Amino acid sequence: MVITWAMSSSAYTFAQPHLISVRALNRLEAEHILSDAAERLTENANRDHKASLAGKTVCLAFFEDSTRTRLSFELAAKRQGADVIAFAETGSSLSKGESFYDTMVTLDAMGADIIVVRHRAAGAAYMVAQHTRASVVNAGDGAHEHPTQALLDALTLTSKLGSLEGKIITICGDVRHSRVARSNITLLQLLGARVRLAAPATLLPKGVSQWGVEVYGSTLEAAKGADVLMALRIQNERMDGEFVPSVREYRQLFAIDEAALAAAKPDAYVMHPGPINRGVEIADAIADDAQASLVLDQVRAGVAVRSAVLSLLGSRPSNGAPP
Ligand code: NCD
């Protein structure tokens, strides 16, 4: 299935029915989603919503906890007039032993046009795409990818900075367990940014030397001259064993605090995907800094990006399964 975009200056094809990984996007495709999402930011601010998903069914299949991601997909789908069904693990037939596979093909057979999947296992969204007729959006799969988070972070940044070409973005903290970091690094580099990482050696993944990033041993070092400091949450739920000697030490070396912000460029921005462990990966005052913190801009951008992605995928023919 090939979707042809009518663009103001040129036409190109978006050949994928799913959004599983930012790696599958080329720069033109990423920029197209971002420019569509930028218009939706304005529409959302003006409460001017287009019913471009009327008659479509969007299924939210979250097998892992979520606040921002789930609610923003729900809002984006409902604002565009879709029928939304939300699958919750608790209260479902999973407790009777039904498999993930059977659950997904059941949702597909109900005629879901788009299935938004979050799962603790890397590769879960890909598996759903292999076995259903629906378009699949990966809303986070284990420590693998979180493509719409990277797109919303890019939208937040381009709204503030314009082009990201040559901008220095420092990502701090638990890179090893972070799907946000993986998707962000790929997309930021695709958009021309330079990415630095600040993390203890135990929280860096194997193979990081192949990622085209500069690695630093403290946030303060990595912050020098940066345009943006991005904190990552410590992903306790994905750790088995001790990865940091003490929270105090971790905070001293890797938290984004006043000193790190002062070392960055004047007017540098600070980001966090949420949920925040206040006082661990980011100092309270920095998270709430009205000038520097983009945390709530990220939330707003999340609704806009998810609207753009759902509408892009929703322009395919409907899932032919009987209602
Ligand atoms: C992120 C996630 O779930 O991967 N949060 C989010 O989607 N807003 C980051 C995190 O949980 O730390």
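Student: Is aspartate 267 buried or exposed?

Tutor: Residues count as buried under 20% relative accessible area, exposed over 50% and partly exposed in between (1.4 Å probe, protein chains only). The relative accessible area of aspartate 267 is 72%, so this residue is exposed.

Student: Where is aspartate 267 found?

Tutor: This is a predicted model, in which local features need pLDDT of at least 70, side-chain atom pairs count only at pLDDT 80 or more, and totals for chains, interfaces and linings use all residues. Residues are numbered from 1 along each chain as its sequence is written, and side-chain values use heavy atoms, with hydrogens and water left out. Aspartate 267 is not a glycine, although its phi is positive, about 65 degrees. Its place is the loop between α9 (258-263) and β11.

Student: What is the phi of arginine 47?

Tutor: Arginine 47 sits in the loop between α1 (27-45) and β3 (57-62). With a relative accessible area of 60%, arginine 47 is exposed. The residue is not a glycine, yet its phi is positive, at about 55 degrees.

Student: The side chain of serine 311 makes a polar contact with the side chain of which residue?

Tutor: Serine 311 lies in helix α11 (residues 295-314) and is buried, with a relative accessible area of 14%. A polar contact is a pair of N or O atoms within 3.5 Å; within protein, one must be able to donate a hydrogen and the other to accept it, and residues adjacent in sequence count only if both atoms are side-chain atoms. At 3.2 Å, the partner side chain is that of arginine 40.

Student: Leaving aside its neighbours within four places in sequence, which residues is serine 311 in contact with?

Tutor: Contact means heavy atoms within 4.5 Å. Once neighbours within four places in sequence are set aside, the residues in contact with serine 311 are Arg40, Ser52, Leu53 and Gln80.

Student: How far are the C-alpha atoms of threonine 186 and tryptophan 211 separated?

Tutor: Threonine 186 is part of helix α6 (residues 179-190), and its relative accessible area of 18% makes it buried. Its side chain has a polar atom 3.1 Å from the backbone oxygen of arginine 182. Beyond four places in sequence, threonine 186 is in contact with Val22 and Arg23. Tryptophan 211 is 25 residues from threonine 186 along the chain, and their C-alpha atoms are separated by 8.5 Å.

Student: What is the radius of gyration of the protein?

Tutor: The C-alpha trace spans about 60 × 50 × 35 Å along its principal axes. The radius is taken over C-alpha atoms, and the globule rule is 2.2 Å times the number of residues to the power 0.38. For 323 residues, a compact globule would have a value near 20 Å, which agrees with the protein's 20 Å.

Student: How many helices and strands are there in the protein?

Tutor: Both are DSSP runs numbered from the N terminus: helices are H or I of at least four residues, and strands are E of at least two. By this count the protein has eleven helices and eleven strands.
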